[in-house]
Amino acid sequence: MESQGTVETVNRHKQLGLSDGQVIDMYRYMLLARKYDERSLLLQRAGKINFHVSGIGQEAGQVAAAFALDRQSDYFLPYYRDYAFVLTVGMTTRELMLSVFAKAEDPNSGGRQMPGHFGSKRLRIVTGSSPVTTQVPHAVGFALAAKMQKKKFVSFVTFGEGSSNQGDFHEACNFAGVNKLPVIIFCENNQYAISIPAHKQLGGKISDRALGYGFPGVRVDGNDPLEVYRVVKEARERAIAGEGPTLVEAMMYRLSPHSTSDNDLAYRTQEEVDENWKKDGVAGFRNYLIALGLWSDEQERDMIAECNLELKEAIEYADNAPFPKPEDTLLHVYEGGV
């Protein structure tokens, strides 16, 4: 099954049940995530933070997926590029900055994990570990709990296309398919697993792999947020109805290097990157809003200023916050602390 969307001047969001206010809100999260990412790259270059993994180019699909889920009941297992996703489900820029500055107030890990390892009990964001793909079987475990407890929530997990070649992915898909679990398995195919292009790691479509596990797989244009919203919403409805998992392969492109430790031009050309900037989902969605008369240059300037002010305050707070104390090393590792 394949779904490809294009940005048109027809009012597509109303056809999906989204209001004008909701799509403007979606765009704000995309823009805020983009500005957060750009500011974090500058902070790393200035020596203020140690490391950053960028999600530039993947914001549109992440925000759309979050809007299609129930942010009051579902469980989320994001991977390390999902700034736009976690912001949309409720994390704040202050919380994210506390994490990259490795401060004690960091809600993800108390300043002890790498940036991008999100975790929030309040928001039902399940902490991921450094080995890639381990979050996929964890998500299936949450879905199993939903089924055993007869609770109406969905487990939603994200990962890159490189992870789809790991054993954890296949074992999780097989178990989810056999037991018809309420899980959405969302692959953000950004074309590169660090330095390896997709054509050297994949023999076909990731979405087609779902057929072997007995549930639907859908490939969708990850730069088209309304199409991502539609596909994830349908997947959630299937899961809640007891029809089992869906594998969604969102086609994206990583517009920035893998991380601040990476020289991406060693394995791809600037021309390739420039060509993909023309397909940027954030710019495309802004153009969609402009075409419908919902957005203007003045609104854009105001929102950028608002995002920049929010980030400035978050950075100042995080920069001045205390670091973890040595005795906090094992805090939360054991029940009740140490």
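**Exercise 1.** Determine how H2 and H3 are oriented to each other, given that they are oblique.

*Solution.* Helices here are DSSP runs (H or I, at least four residues), numbered from the N terminus. The model is predicted: local features need pLDDT of at least 70 and side-chain atom pairs count only at pLDDT 80 or more, while totals for chains, interfaces and linings use all residues. Residues are numbered from 1 along each chain as its sequence is written, and side-chain values use heavy atoms, with hydrogens and water left out.

Step 1. Helix H2 (residues 20–45) packs against helix H3 (residues 59–68) at an angle of about 135 degrees, and their axes are 9 Å apart. Axes are lines fitted to C-alpha atoms, for helices over the stretch in contact, and angles run from 0 to 180 degrees between N-to-C directions.

Step 2. Angles under 35 degrees count as roughly parallel, over 145 as roughly antiparallel, 65 to 115 as roughly perpendicular and the rest as oblique. H2 and H3 are therefore oblique.

**Exercise 2.** Locate glutamine 191 and isoleucine 194, and state the phi and exposure of each.

*Solution.* Step 1. Glutamine 191 lies in the loop between strand E3 (183–189) and strand E4 (192–193), strands being DSSP runs (E) of at least two residues. Although not a glycine, glutamine 191 has a positive phi of about 80 degrees. Its relative accessible area of 22% makes glutamine 191 partly exposed (buried is under 20%, exposed over 50%, partly exposed in between; 1.4 Å probe, protein chains only).

Step 2. Isoleucine 194 is in the loop between E4 and strand E5 (196–197). Isoleucine 194, also not a glycine, has a positive phi of about 60 degrees and is partly exposed at 46% relative accessible area.
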